[in-house]
Amino acid sequence: MSNLSFYLVDVFAETKYAGNQLAVFPHSQDLSTAQMQQIAKELNFSETTFVLGGSDRAGYDVRIFTPAQELPFAGHPTLGTAFVIQQMLLGHPVEQVGLNLAVGQIPVTIAYHQHTPEVLWMEQPAPVFGPTLTAAAIAPILSLGLEDLDLRFPIQEVSTGVPFVIVPLKTLDALQRIRVNAEQLAQVLSPLAAKAVFAFCPETRDRDRQFSARMFAPLLGIAEDPATGSANGCFAGYLVRHRYLQTATIQVQVEQGYEIGRPSLLRLEAEEQNGAIAVRVGGKVVLVAKGEFV
């Protein structure tokens, strides 16, 4: 493990020290699974990624770890890892980088400004819509009243590789007042595959953006996540499936992370054709630091 290089990037960040932190190890082919898990626990970011090798044609084999477990897919690690592969392994502009994850290959498209990545976009697996929950069940878990929830739309489990329970709220005030009771959350989510909650509202701080959101996963060791690409992919599919904006095609921007001092901006696109929903999630990636494990 000596002299193992890594890079720290902020994903879905408009500037440094915002968005979601990620550590990327671009030369990890000699690491065991146990070593990867140890490193992820040591860094204690929400996710750390390890590039095991690959090529432009076949894609790059990547594994994603939280401090506690390996994940089949996660949004901000996908974009951040593609950024590091393009910048540090390839060193020249390419239109697309393919990441071979446990859920399959995820293509990441890169738009450049003066040869520097400007916005990266990932295509997520098609959303799968699961069970619904009642407002009466979820509201007290979030320390909210029934009047805070938008009962026109369902509280529903959605997955594009990792499942989340999507909760529609009416106002930014309600979103900011959320306090999660982890014990009650565990009880309510026990029958579901989802172990995390994504709450949103149609009020924002910036009038050019369309939604504000927060993501809570205390059952996975993440009290609150500043920017969640996988959850926002589920959210994009949810908006289209339930015609939240009264259209089968959406292009929106989502604010997340403000309540924990990590302001983030996620760009979402989704379209439904013949019952199938295609989802893309995009954002900026900022290089913050590089270093070595010795």
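These questions and answers go through a predicted model. Residues are numbered from 1 along each chain as its sequence is written. Local features need pLDDT of at least 70 and side-chain atom pairs count only at pLDDT 80 or more, while totals for chains, interfaces and linings use all residues; side-chain values use heavy atoms, with hydrogens and water left out.

User: Is S46 buried or exposed?
Analyst: Buried means under 20% relative accessible area, exposed over 50%, and partly exposed in between, with a 1.4 Å probe and protein chains only. The relative accessibility of S46 is 14%, so S46 counts as buried.

User: In the loop between which elements is S46 placed?
Analyst: Helices (H or I, at least four residues) and strands (E, at least two) are DSSP runs, numbered from the N terminus. S46 sits in the loop between helix 1 (33-43) and strand 3 (48-55).

User: Which side chain has a polar contact of 3.4 Å with S46?
Analyst: A polar contact is a pair of N or O atoms within 3.5 Å; within protein, one must be able to donate a hydrogen and the other to accept it, and residues adjacent in sequence count only if both atoms are side-chain atoms. The side chains of S46 and E47 are joined by such a contact at 3.2 Å. At 3.4 Å, the partner of the S46 side chain is N20.

User: Which residues of the largest nonpolar core touch the most other members?
Analyst: A nonpolar core is a set of buried Ala, Val, Leu, Ile, Met, Phe, Trp, Tyr and Cys residues joined through side-chain atoms within 4.5 Å. The largest one has 61 residues, and those touching the most other members are V97, I166, F200 and F235.

User: Which element gives the most to the lining of the largest pocket?
Analyst: On a 1 Å grid over the protein atoms alone, a cavity is a set of points where a 1.4 Å probe fits but cannot get out, and a pocket is an open set with protein on both sides within 12 Å along at least five of seven lines; lining residues have an atom within 4 Å of a point. The largest pocket is lined by 27 residues, with E47, L71, V162, F164 and L220 nearest its centre. With three residues, the element that gives the most to this lining is helix 2.
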